[in-house]
Amino acid sequence: MDAQFWALALAVLGFGLIIAEFFVPSGGMIALSCAGSFVGSIVCAHAAWYQHSPKIFWSFSLGLGVLIPSFLVFFLRTLEQTSLGKNILLPKTDPDDVVPYKSEAAALERLIGRVGTTLTPMNPGGMVRVENERLHATTEGLLLKLGDAIEVIGIQGNRVIVRRASPGKRTSAGPSTRESDPATSFPARPAETERLDFDVPQD
């Protein structure tokens, strides 16, 4: 058997070992054998053709360089379509499972630019009310007091990022927190000048 035979035989063996690597657990030994087969194939091709036909040698070497990754991609694409391949290969991850709070952030994006009021002091985290929704928020910059008008400027996970609303937008913020939030509203004190409904004893 001459070098030409071994060059071709080792190349075929290398492609076979690529397939075996996916089905036979070997701790990487099959992969090393595969690499050794392709290296041996090129060595045998050098001995067979380089001296009298270098073009054949370079064509063979470049052909292996193209066929190896092409065969690997084709094999993986084909394997993904089979039930056996779906059990062997890791399933593709769902972007909704990878990105945290993706659905919540998408729902909060519509509030960017809207104006609301703070339900708690913001230093820097707290609660705000925007369009009758109670939301967790983080302030950008200055700390805010209870009842301050705020503007939503961004989203961070499942929180909104807010800042103090400009004077032109504060009028659209709606009723203040003390008036709209039952949890923080208190009955108004009677005015000091209000007439009492009983007589004060006189000395």
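Me: Which residue of β4 does Thr 117 stand opposite?

Reply: Thr 117 stands opposite Ala 149 in β4. A strand here is a DSSP run of E with at least two residues, and a helix is a run of H or I with at least four, both numbered from the N terminus. This is a predicted model, where local features need pLDDT of at least 70, side-chain atom pairs count only at pLDDT 80 or more, and totals for chains, interfaces and linings use all residues. Residues are numbered from 1 along each chain as its sequence is written, and side-chain values use heavy atoms, with hydrogens and water left out.

Me: In which sense do β1 and β4 pair?

Reply: General idea: strands of a sheet pair through backbone hydrogen bonds, either parallel or antiparallel. Pairing requires at least two bridges found by DSSP. Here β1 (residues 115–118) and β4 (residues 149–156) are antiparallel, over three bridges.

Me: What do the five strands form?

Reply: They form a closed barrel in the order β1-β2-β3-β5-β4, with mixed pairing. Neighbouring strands are turned by 55° against each other on average, direction ignored. Those angles are between axes fitted to C-alpha atoms, on a scale from 0 to 180 degrees between N-to-C directions.

Me: How do I read a helix face?

Reply: An α-helix has 3.6 residues a turn, so residues three or four places apart point the same way. Now take α1 (residues 3–23). Ala 7, Leu 10, Ala 11, Gly 14, Phe 15, Leu 17 and Ile 18 are buried. They cover an arc of only 155° around the axis, which puts them on the same side of α1. The arc is taken from the directions between the helix axis and the C-beta atoms. Buried means under 20% relative accessible area, exposed over 50%, and partly exposed in between, with a 1.4 Å probe and protein chains only.

Me: What do the buried residues of α1 pack against?

Reply: They pack against α2 (29–49) and α3 (54–80). Contact means heavy atoms within 4.5 Å.

Me: Which residues of α2 are buried?

Reply: Among them are Ile 30, Cys 34, Phe 38, Cys 44 and Trp 49. The buried residues of α2 fall within an arc of 165°, so they line one face of the helix. They pack against α1 and α3. The face of α2 turned away from its buried side carries exposed Met 29, Leu 32, Val 39, Val 43 and Ala 47.

Me: What share of the chain is buried?

Reply: Of its 203 residues, 28% count as buried.
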